Amino acid sequence: MRAESVARALLVLATSTPALVLGVRACERQRSPPVVEVRGRMVNEGGWEPGEIVIGVDQPLRLALVSDDVVHGFGIGKTAVEAVDMYPGVPRNLTLTFDRPGIYTYYCTRWCGVNHWRMRGTIVVRGPGENATADEAEPPHVALDLDLDAPHPAAAVPSATPDAGRGRHLGAALSPDYRDAGMLRTTPPAVVWGRLRADPDHRHRTDQDLWNLVAAQWIAGTTDRVRWEGEQLYAANCAACHGEGGDGRGVMARALAASLPPSADHERARPAAFTDAQVMLGASSALLAGKILRGGMGTGMPNWGAILTDEQVWALVDYLWTFQFGRVGRASAGPLEGHRVSGE
Amino acid sequence: MQRSWRVGLLALGAVAVLIVPVPGGAPAGGERSFRIEATSTGFTPAVIRARAGDRVTIELVAMDVVHGLFVDGYELSTTAEPGRPGRLAFVADRTGAFRLRCSVTCGSLHPFVVGVLKVGPQTLLWRAAMLAVIAALGGLWLARR
Amino acid sequence: MSEPDVLRVPWVHRLVRSRWPQLLVTLVLLAGFLVAIVAGFAGSPVGNRNFAIVGVWIAWWAVLMLVAVPLLGRGWCGVCPLGAPADWIQRGAILTPGPRALGLGRRWPAQLRNLWLQNAGFLTLAIASAAILTRPRLTALVLLALLAAALIVSFVFERRAFCRHLCPVGGFIGLYAQLAPIELRVRDKRRCAAHRDKTCYTGCAAGSGCPWGVYPGALDRNAACGMCFECVRTCPYDNVAIRWRGLRNDLVTAPGHRLDEAFKAFIMLGSALVYTAVFLGPWGDLKAAALGVGSRAWVAYAGVVIAFLVGVLPGAFFLAGELGRRFSHSPLTPRRTFASHAAALVPLGLAAWVAFTLSLLLVNGSYALVVASDPFGWGWNLLGTRNAGWTPALTGALPILQAVVLIIGLGATALAAMRIARGTAGATAGRQAAPVVLFAFVVTVAMLRLLVG
């Protein structure tokens, strides 16, 4: 009889393991300071859960990040917080403290499908002064009232890839008007080329030489370090759709077309080809920056305004110019796409 | 024939199958490069072929999420995500059929995302098939009275 | 008799006769079973970080297919947490029979005293296997359903009706147990003949009558004996032996000739081929179709698989058997030839499953280390191995191991086919067996192509 009671007690013990496990889990969640569990899923399966977190300023926000399907990443836009990779089923802890109230955007930093860029959430940091409007400078495309969606074909394109190196040698004789940083940011290269072409001082130069000069100005306006940062941002965020070579034929381009509603303008919705001289040389850096910040309404181009800092956006733009102008010392790649010489 | 003699003869046949070299030609030493697209259901192309001794380069292009590639036998791996392909370069000095597997969890079917790299003559398959013939005939023969 | 009786070894005898070792193992497995269900419902949906998937489909399946079945026959059934509750309910106690038995004790319906329900159950799981094997929640659902079915059936019907006639796993364990090197038989049949009460079948104070509905005195095959050892405990003459018989197997001494068993053999052999093609093959569209349960592609896939398992494969074998029958002028009917010779496929079937399982174990076995520390994907680190990466083992040797296993299986099948044919066709046995062995050869080459090619 005693043996039977022991056996029954053991049976009860064995069948209570689920309760034990769940009990331990509940205690775990109670004991430690409150943790917000942030689950990441592909957007079609729900995206971030929760989609919004509220915390007070200077209060530590303890997050337990875990992915439920594929590799995701957790990053907070416009901050120096390093992105945390989220491997499926592997929870990671992250503690954040915000010293300034406002709305912060967290976003996925590893590609997780065609809707990857839509995987965003907000952290609302409450505190004194939270309702004060931010004292941010207007982005140039707003200040200039540029129409980001209007087509901007270049009036002229070079017959071969411009050589910024050669342009640098020639550039000694360039007047300061052509070197003004503000002007270079807000004027398309084709327009600057047009001015050079019309300038009597440069009448003797060939068309290609003038393009080399233009290239040199665009490349000289920034450092290799900045271009390198732009390259990293491009590889992580843009190459999937726009292609590693900037030709607009990234691996996501196909899936992107399939994900748009049938009424969308598929022609316009194709990722831009940065190797297309017609398209690029007629755009100013300010225009490109504007498109990056605002995104393309309904085309699948994400809006990066809440994610990238101004430095990052300009670094990206500086990198995009290397598809047209290469880098100093890089050999000429040959004829460009959309090669056509128009205008004088 | 006595049973032990039969077994001995079959064993001899098996050994012969195992040691006789399978013709496959001398290693070529050429270059072969492959671009493999990875999705959550599989690799495209799923079967790639090279000759023994070739310098093989595999570019892993992830089409939707973060993927990885692991080569059985050679035990090499790389990872890729859309926009950032991975690359493997090695000399195919081992012959046979080597499974390619995804090495980064990429969805439900992840453990079964499989491809094949075939290098040179498929000696193992041929030998196994011939041993299977010996096993089949041998079983019939050994169980006779 | 030269075959040693393991039960004559004193410590083995004590271990088997005592109810405690078996009970403790069963309770641990029961706890594991329940934890797997919890993991499936409350744990991470990522399969390789969840005990429900790794613990069941990698760890348990590998132990079952590579050790338990080939070496211990129905050894798993003796400690299975799904079967034991039947004994407890019907005895009214966990150890020796209590004063009052619970349950209704109805007899299992005669028309269902066969493997057809198990065949249907296995087929149902097989066509949904891609989803079940990769989704913890689905695995938990299946486990829960099996547990519920086992408990309900155990309460309504007598003995281990669930195990014997419903359990999809038990169906094939019984089939392959016929190859195991151990067997439970009586020592001296005359003793049994003289024993009036036959307590091994009817039960007594020391234990229940055989829960599997087998009369141990007449037991001649491993297929239905569930290794529960009740008869060892109830026989007053200690007349039960567990013999080590080595390579001698039931296919020769007591070949089955029932249609339901034959179809079980085809379903198992065929599904080894199907699983290998779907899970280990390079065809992504096939995997997607198999995974999307409910979709149109899946319906087509399920239809093709079922047609192959119960139509094409047995049909082709029937033709092979028929060819041999005519060629050898065998006096048997086609149906009897078919059913008898299907038994020859058992070694090849087991070999095919072992080959498939080797892949699961060697390639994904490292997940077991991770899941041992973090069974639910909650971030636990019980053994410190939470961050062990995915480490496929012996990938170079794997195809060689698989080829060796398949070749051995084919050889054993050829031997069995010939021996069965000698029993049915006599002098012209070779002609009867040859087409059957050719069939087995073709299947072997198909498996080799899928695994090694």
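1. Domain 1 of chain C and domain 2 of chain C bury about 2900 Å² between them, with 78% of it on carbon and sulfur atoms. Buried area here is the accessible area (1.4 Å probe) that two parts lose on being put together, summed over both. By type, the residues of the domain 1 side divide into 26 nonpolar, 7 polar and 2 charged. Ala, Val, Leu, Ile, Met, Phe, Trp, Tyr, Cys and Pro count as nonpolar, Asp, Glu, Lys and Arg as charged, and the others, Gly among them, as polar.

2. On provenance: this is a predicted model, where local features need pLDDT of at least 70, side-chain atom pairs count only at pLDDT 80 or more, and totals for chains, interfaces and linings use all residues. Residues are numbered from 1 along each chain as its sequence is written, chains are lettered from A in the order in which they are written, and side-chain values use heavy atoms, leaving out hydrogens and water.

3. Domain 1 spans 1-248 and domain 2 spans 270-452 of chain C; the bounds come from an automatic or database domain assignment. Their centres, taken over C-alpha atoms, are separated by 24 Å. In contact (heavy atoms within 4.5 Å) are 35 residues of domain 1 and 35 residues of domain 2.

4. C:Gly281 sits in the loop between helix 15 (259-280) and helix 16 (284-291) of chain C. It is buried, at 1% relative accessibility. Buried means under 20% relative accessible area (1.4 Å probe, protein chains only). Beyond neighbours within four places in sequence, C:Gly281 contacts B:Val114, C:Thr276 and C:Lys287.

5. B:Gln122 lies between strand 9 (114-119) and helix 2 (123-142) of chain B, in a loop. Helices (H or I, at least four residues) and strands (E, at least two) are DSSP runs, numbered from the N terminus. B:Gln122 is buried, with a relative accessible area of 15%. Its side chain reaches the backbone oxygen of B:Gly96 at 3.3 Å.

Methods
Buried means under 20% relative accessible area, exposed over 50%, partly exposed in between (1.4 Å probe, protein chains only). A polar contact is a pair of N or O atoms within 3.5 Å; within protein, one must be able to donate a hydrogen and the other to accept it, and residues adjacent in sequence count only if both atoms are side-chain atoms.
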